[in-house]
Amino acid sequence: MQPFTLHHYNGEKPLSSLPLDTTSRFLAGGTNLIDLMKLQVETPKTLVSLAKWDKANTISEDDNYYYIGAMVTNSDLAKFAHTQPNVSLLAQALLSGATVQLRNRATTAGNLLQRTRCYYFYDTTKACNKREPGTGCSAYNSVNRIHAIFGTSESCIATHPSDMAVAMIALNAQVHTQQPDGNTRQIALRDFYREPGDTPHIETQLDEDELITHVSIKKKANGTQYYHKVRDRSSYAFALVSVAAGSKIEDGRFKDLSLAFGGVGTKPWYPQKAISFLEGAEPTQEVILQAAEAELSEAKTFGSNDFKPELLRRTLTKVLLELAEHQVKHLGHEGALYDNA
């Protein structure tokens, strides 16, 4: 184990009061960072524990928004979202990820900032530009079954692993942050993640030592919501393909469609081309496949993951046809459409 210094942050003093540097890391639930430290992928000289930051461990709401604290656990957020029809997509996504024990520890901000599960990123004997910039991408011309088809570059094809982030992007969540000088800002989650380009080690829009304080989601009627995740086994596995969708059906057409994909992008993927094609269209298999083709026009596969475009077509078709059928059958029901329900 590499030695490190541990500090605590409770939100009462500004971040500038902490001895932060480029090797510092914030520690929330620890479900990802601690594993990476054990493997020597992350070797921070300073850890700042957020366990005593009680103000960030709350969920509140007003007439217009839900406010989800950075330290709210995935279990608590899933329990809350399950009772709120217009954000039930969050509950579905969270319950599809990890185990109960991990959800009891993992936090909202930590989930958004978790690192890729690319095998080459975790193996310090392999070249990885995300772990060690300039060394190359071992996945590009090797086994890459779990890797991305959207947003890739020659420097990196690793996927983002979060289920929760996919649902939050569909719901147009906003990330709120605090900088060391006390200034705050708001970033749309759809703009929060960066494609790898030539700098895959820079994954988000956060500045150095900038801290997520909470996430806000606007209260709005999102119609029937459905999160469907395709994976190698039925529990505790990351998505090969996932689709988060919410929509109303009015006059036989999609209205206010929200959509996001997981398991296929270097970041949780917001499919703008597919949404533009589908909004106001009839929910037929032919139309949905045409929308999928529009989105897949810039996709790139790498050998082992050549199956992903077809899997995405089938998953998107299943989700949107079942969502539309449920909307029509239940006369505009708002809320969740759970798998096997």
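**View 1. Helix α3 is largely enclosed by the rest of the structure.** This is a predicted model. Helix α3 covers residues 88-95. Seven of its eight residues are buried, so the rest of the structure largely encloses the helix. The buried set is S88, L89, L90, A91, Q92, A93 and L94. Here, buried means under 20% relative accessible area. As a general point, an α-helix has 3.6 residues a turn, so residues three or four places apart point the same way.

**View 2. L94 and S235 are 141 residues apart along the chain.** L94 is one of the buried residues of α3. S235 sits in the loop that links β9 (224-230) and β10 (241-250). How far apart are the C-alpha atoms of S235 and L94? The separation is 12 Å. S235 is partly exposed, and its relative accessible area is 45%.

**View 3. Three strands form an open sheet.** The strand order is β1-β3-β2, and the pairing is parallel. Strands β1 (5-8) and β2 (25-27) stand at the edges. Each has a single partner strand, so one side of each has no neighbour in the sheet. From one strand to the next, the twist averages 30°. In general, strands of a sheet pair through backbone hydrogen bonds, either parallel or antiparallel.

**View 4. Strands β1 and β3 run parallel.** Strand β3 spans residues 46-49. How many bridges join β1 to β3? There are four. Which residue of β3 is the bridge partner of H7? The partner is V48.

**View 5. M1, F4 and L6 make a nonpolar surface patch.** The patch has an area of about 360 Å². F4 belongs to the segment before β1. Is F4 buried or partly exposed? F4 is partly exposed, with a relative accessible area of 32%.

**View 6. The whole structure holds zero disulfides.** Look at C128 and C118. The closest cysteine sulfur to that of C128 belongs to C118, and the gap is 5.9 Å. A disulfide needs cysteine sulfur atoms within 2.5 Å. C137 is in no disulfide either. Its nearest cysteine sulfur, in C156, is 5.6 Å away. C128 counts as buried, at 8% relative accessibility. C137 counts as partly exposed, at 22%.

Definitions and conventions:
Residues are numbered from 1 along each chain as its sequence is written. This is a predicted model: local features need pLDDT of at least 70, side-chain atom pairs count only at pLDDT 80 or more; totals for chains, interfaces and linings use all residues. Side-chain values use heavy atoms; hydrogens and water are left out. Buried means under 20% relative accessible area, exposed over 50%, partly exposed in between (1.4 Å probe, protein chains only). Helices (H or I, at least four residues) and strands (E, at least two) are DSSP runs, numbered from the N terminus. Two strands pair if DSSP finds at least two bridges between them. Axes are lines fitted to C-alpha atoms, for helices over the stretch in contact, and angles run from 0 to 180 degrees between N-to-C directions. Patches are made of residues with over 30% relative accessible area and no salt bridge: like charges are joined within 9 Å, nonpolar side chains (Val, Leu, Ile, Met, Phe, Trp, Tyr) within 5 Å. Accessible areas come from the Shrake-Rupley method with a 1.4 Å probe; for residues, only the protein chains shown count as cover. A salt bridge is a side-chain nitrogen of Lys or Arg within 4 Å of a carboxyl oxygen of Asp or Glu.
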